[in-house]
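Please read the points below beside the sequence and the model. They begin with the core and then turn to the chains, their contact and the confidence of the prediction.

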Amino acid sequence: MEIAVERGRKRRPVGSGIRWTSVVTTLFGIALIVLLHWMVFFWVNTEATMGIVQRIFYVHVPAMWVAFLAFGIAALSSAVYLWLRDERLDMAAVAACEGGMLFTTVGLITGSLWGKIAWGTYWEWDPRLTLTLLLWFIYLGYFMVRAATENPERGRRLSAVIAIVGALDIPLIHVSVLWFRSLHPQPVVLDTRQPMNLDSDMLLTLMIGLLAFTVLFLGVIGFRYGLERSRRTLDIRLARRTA
Amino acid sequence: MVAQAPAVNRARRLRLALATVSLLAPVLTSVLAPGAAAAQATELGRQTLGRPYWHVFIAYALAWLLIGWWVVSIARRLTRVERRLDSE
């Protein structure tokens, strides 16, 4: 399937619409990130119990939120791909999974650095931490299956199943601190059992962080999707030439 | 004017005494309670950035290094593939 878009005399696989949308979204995301840093380091109050180290919260929570969003997009795209077999959905899933892996890594590293000060250790085999590490390994498996399967179509189908199964871990990660005895702090925003006890300035900083990370992710994911489209167009051209 | 002189002198002496006490207070403290003064000096000496600050800076630096590396890697891969597509 040729996915190229006509652009002047040259055939470019990435449409200029996607490219410009990605550029504008990424720039907006960067502006929000600058605002977030100003708020984190110069504006928001310091938390009374944990002190300065609590500021890691404003990068850790948005990173994990974006990771969950990315894996959710990947699972949804993969499910529809298995149904419709539209390659664009598989490309969207690959792009989202790569972003999800990166943001999970950021979440794990920032969480470990916070844990060293708060718990006295970088790592604890706590249910939430263990399930998050499991999520990272499941999606590592997603890429390994794609790379190891000789038949690309089969690889896409198998990895789609992994993306769907992996996403089942996300709700488990969320409820793990409620169901099991856990060192990890309880949810402060998404807890339905009690009213939210987060300072309004801290909540605003967190919301700006969530928005900044989401916008930046959506912008960069547009480029990653474009890369996947270009790669497949190149593969098709090379296959045609060899045939 | 002459009748107010003793009151002025008293006030001046009082200010002088307060200034002397405030200047000598750290010295007197260190002489009378050497342990407390030493503890205070050590506490002041410890006022550096400290580990929590470094952990915050390292967390933010690593996060942006990783995200930056991802963006650059996408840009490089995209440029390489498009160059090959153009040459095809």
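1. In this predicted model, the largest nonpolar core has 65 residues, and those that touch the most other members are A:Ala63, A:Ala70, A:Ala74, A:Ala93, A:Ala96, A:Cys97 and A:Ala163. A nonpolar core here is a set of buried Ala, Val, Leu, Ile, Met, Phe, Trp, Tyr and Cys residues joined through C-beta atoms within 7 Å, and a residue is buried if 20 or more other C-beta atoms lie within 10 Å of its own, exposed if 12 or fewer, and partly exposed in between, with C-beta atoms placed from the backbone. At least two residues of this core come from each of α1 (16-43), α2 (57-84), α3 (87-118), α4 (127-148), α5 (152-167) and α7 (200-242) of chain A, and likewise from α3 (50-87) of chain B. The most is given by α2(A), which supplies 16 residues. Helices (H or I, at least four residues) and strands (E, at least two) are DSSP runs, numbered from the N terminus.

2. A note on conventions: residues are numbered from 1 along each chain as its sequence is written, while chains are lettered from A and ligands numbered from 1 in the order in which they are written. Since this is a predicted model, local features need pLDDT of at least 70 and side-chain atom pairs count only at pLDDT 80 or more, whereas totals for chains, interfaces and linings use all residues.

3. Which residues does A:Ala93 meet, leaving aside its neighbours within four places in sequence? A:Ala93 is in contact with A:Ala74, A:Ser77, A:Ser78, A:Tyr81, A:Ala160 and A:Ala163, where two residues are in contact if their C-beta atoms, placed from the backbone, lie within 7 Å.

4. Chain A has seven helices and two strands, and from the N terminus on its elements run β-β-α-α-α-α-α-α-α. The C-alpha trace of chain A spans about 70 × 35 × 30 Å along its principal axes, and 40% of its 243 residues are buried. Among the contacts in chain A with a separation of 6 or more, 76% join residues 24 or more positions apart.

5. A:Leu36, placed in helix α1 of chain A, counts as buried because it has 22 C-beta neighbours inside 10 Å. Beyond its neighbours within four places in sequence, A:Leu36 is in contact with A:Tyr58, A:Ile208, A:Gly209 and A:Ala212. A:Val215 lies 179 residues from A:Leu36 in sequence, and the two are 13 Å apart in space, C-alpha to C-alpha.

6. The helices α4(A) and α5(A) pack at an angle of about 175°, with their axes 8 Å apart, and they are therefore roughly antiparallel to each other. Axes are lines fitted to C-alpha atoms, for helices over the stretch in contact, and angles run from 0 to 180 degrees between N-to-C directions; those under 35 degrees count as roughly parallel, over 145 as roughly antiparallel, 65 to 115 as roughly perpendicular and the rest as oblique. The residues of this contact include A:Leu135, A:Ile138 and A:Tyr139 of α4(A) and A:Leu158, A:Ile162 and A:Ala163 of α5(A). They divide into eight nonpolar, four polar and one charged, where Ala, Val, Leu, Ile, Met, Phe, Trp, Tyr, Cys and Pro count as nonpolar, Asp, Glu, Lys and Arg as charged, and the others, Gly among them, as polar.

7. In the loop between α4 and α5 of chain A lies A:Thr149, which counts as partly exposed because it has 15 C-beta neighbours inside 10 Å. Leaving aside its neighbours within four places in sequence, A:Thr149 is in contact with A:Arg154, A:Gly155 and A:Leu158.

8. Chain B has three helices and zero strands, and 10% of its 88 residues are buried. The contact between the chains takes 23 residues from chain B and 27 residues from chain A, and on the side of chain B that touches chain A there are 16 nonpolar, one polar and six charged residues.

9. Confidence deserves a separate look. The model scores ipTM 0.87 and pTM 0.79. By pLDDT, the predictor's confidence in each residue from 0 to 100, chain A has a mean of 89, with 90% of its residues reaching 70 or more, while chain B averages 72, with 42% of the residues scoring at least 70. In chain B, helix α2 (residues 34-45) is lowest at a mean of 56, and α3(B) is highest at 91. In chain A, strand β1 (residues 5-7) is lowest at a mean of 43, and α2(A) is highest at 96. Where pLDDT is low, the predicted coordinates should not be read in detail.
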